[in-house]
Amino acid sequence: MTTEKMTMVKAINSGLRASMEADSKVVVMGEDIGRLGGVFRVTEGLQKDFGDHRVMDTPLAESAIVGTAIGLTFRGFRPVIEIQFDGFVYPAYDQIVSQVARMHFRSSGKVRMPVVIRIPYGGGIGAVEHHSDSPEGQFAMTAGLKVVAPSTPHDAHWMIQQAIASDDPIVFMEPKRRYWESGQVDTGSTDLPLWSSQVVRPGRDATLITYGPMVKTCLASAEAAVEDGLELEVIDLRTLSPLDLAPVVESVRRTGHAVVVHEAARTLGLGAEIAARITEECFFSLEAPVQRVTGYDMPYPPSRAEEEFLPGLDRILDAVDRALQES
Amino acid sequence: MNDPFDPTTPDTTTDSPPVQLLTPAGQRVTDPDYSYDGDLADVQDLYRDLVMVRRIDTEAFALQRHGELGLWPPLLGQEAAQVGAGRAMRPQDFAFPTYRDHGIVWCRGEDPTYLLGIFRGSSLGGWDPADRHVALPNIIIGAQTLHATGYAMGLTIDGLVGTGTPDRDAAAMAFLGDGATSQGDFNEALDWAAVHQAPVVFFCQNNHYAISVPLERQTRVPIAQRADGFGLPGVRVDGNDVLACHAVTTAALQRARDGQGPTLVEAVTYRMGAHTTSDDPTRYREASEVEAWKAKDPLERVATHLRDEGVCEEWFAALDTEADALGEHLRESCQRIPEPDLASLFDQVFVETTVELDQQKAEYVAWRDSFEGSVA
């Protein structure tokens, strides 16, 4: 085992590098990703080592980034796109939803769209408007797209490589508030397939279901709950579409209590789908309604209000209390 | 077409005269920059394509009226633009057509039955774009201009531009209408193609209407002139003159393959029919305008020219027989297009399917098969 401590930025960078070394058809494209190395430096050094044909600084036009990536797939390329910030993806929405997601289906399975759309997403970094959105649900509800969200440097390092190797189009949600946090990365191998959820902390009293930036928050909540004598199980979904709910179902049948946590707004967020599926699969084990701890149904607020807006430890534990009191 | 009550209405039609090599009366004329280099047999081949493409269109229109197709977007009047451009392409080039570019699909060699399948509601495409280098027709206006640009960028990366090997150097072709020039995607495509000097030709069939909205409500300047601001050449060509369309496109494609960058071609033509079979063009344009364009018919002028050159009536009659056979093929093949099987569509969403899709497929199949007399 060759583990190395690194930030998530570095973990994705080394994952991209490994994919580019393994397959000369992998190209990386986006705004400011070449010479600058990306505004978050995720692509640092790649253009120098792989050339400007494989690491393309694009004009500032998100629809064109995705649209030209589609054309590149017709020549057998595997484009990895960087959308600079979550809130900048909407100009590309048509190309993603009407073209990327449908090309395989439109061609009766003849055309493949091995496109990875990387999106630094989520709040908590004190940013200006359009730099803290959580649009994962909009892509997860789009038939023909797959969506994943790593929460740790190790997962980010391997999931980006697995996503690039996939022949289906994948929206890769990167929790930008965790970019600069370090973790151990086993650069030799990983034991988790891309389409799998994972129990990251075992417990018996209630199940916290989350992904991306909120995994760390939920783990901290579970740690704090120990003082109250509660053992909370935490599940990192990792894949948002398709969902891998087998670990969730197994857990909720045991604990009888489920709390879903995400930054995205509540109404029709992923929590709604997860709550529905838990109801379908675990109805007779549930001792209380499924709780949701989410962002509120408003556009992302001014950053000085984001601590109140984002789910935090107290709101999560409060939801756990509600679930336990109702049973 | 201009609004006489609006002094700010621009005239988008009278810039530089379009390149023309064959007049509506069937007279060959010269142009200082472009010439058609084929011989008489080549012109006969182009005429054959024009006749066949028109037959596909009229046959499909009739099939829609008989209830066999749900919808059909007629290309009537635009045959020369599509045949001229389509026949200028080489096998290694790649076409990105729209839903009205039946003539492009024909020139690339795909069976037009696939087009019937799309508008019958039996399929969303049918063919493999890799087979004959023609993408599935795009219905989202302008989206395909970016796909063509990306493909062209890929040609550059693959070193297939400017090598001087005629059978190797390749280009991409984006087809679009005048309506698409208002879309952001088209403008982004022109910008990117110019910046990257991508080997792509944007072939715009200016048929003067985006459904009901006339050209002067879509652009302040002639479409070809839009290229100037992006830094690529723009050429206006008589879109009803198959020789001129062939000559201009041949030159633009060669320029692209040679590594000299993209070109915007504006083929000035006219949509003689409705936008689709669901449209009523009498609500937004005058009969006199349609009559004026009828006199510029893209087929008549070639027929006149061929007769002047001594092509005999037997040849024309044989061509009619061939077109009749194509019509019969389409009528028959339309009946044989298989009904879409919803169960199998579940398997075509992804390369690697999902548990959810498998579950929903099983649910659907069980429900379907629960009925008395079901196939299972």
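**Rings, charges and the contact between two chains**

Mentor: In this predicted model, the charged end of Lys25(A) sits over the ring of Phe77(A), 4.1 Å from its centre. In chain B, Lys296(B) lies over the face of Trp293(B), at 3.9 Å from the ring centre.

Trainee: Which residue of chain B forms a salt bridge with Lys25(A)?

Mentor: The partner is Asp158(B), and the closest N and O atoms of the two residues are 3.4 Å apart. Between chain B and chain A the count is three salt bridges, and 16 residue pairs are in polar contact.

Trainee: How is a pair of aromatic rings read, and why is the pair of Phe40(A) and Trp180(A) described as tilted?

Mentor: Planes under 30 degrees apart count as stacked, over 60 as edge-to-face and the rest as tilted. Over all chains there are 26 aromatic pairs. The planes of Phe40(A) and Trp180(A) are at 50°, so this pair is tilted; the ring centres are 6.0 Å apart. The two residues are 140 residues apart, and their pair links distant parts of the chain.

Trainee: Is Phe40(A) buried or exposed?

Mentor: Phe40(A) is buried, with a relative accessible area of 9%. Phe40(A) and Trp180(A) form one aromatic cluster with Phe85(A), Phe88(A) and Tyr179(A).

How values were computed. Residues are numbered from 1 along each chain as its sequence is written. Chains are lettered from A and ligands numbered from 1 in the order in which they are written. This is a predicted model: local features need pLDDT of at least 70, side-chain atom pairs count only at pLDDT 80 or more; totals for chains, interfaces and linings use all residues. Side-chain values use heavy atoms; hydrogens and water are left out. Rings of Phe, Tyr and Trp (its six-membered ring) pair if their centres lie within 6.5 Å; planes under 30 degrees apart count as stacked, over 60 as edge-to-face and the rest as tilted. Helices (H or I, at least four residues) and strands (E, at least two) are DSSP runs, numbered from the N terminus. Buried means under 20% relative accessible area, exposed over 50%, partly exposed in between (1.4 Å probe, protein chains only). A charge sits over a ring if NZ of Lys or CZ of Arg is within 6 Å of the ring centre and within 35 degrees of the ring normal. A salt bridge is a side-chain nitrogen of Lys or Arg within 4 Å of a carboxyl oxygen of Asp or Glu. A polar contact is a pair of N or O atoms within 3.5 Å; within protein, one must be able to donate a hydrogen and the other to accept it, and residues adjacent in sequence count only if both atoms are side-chain atoms.
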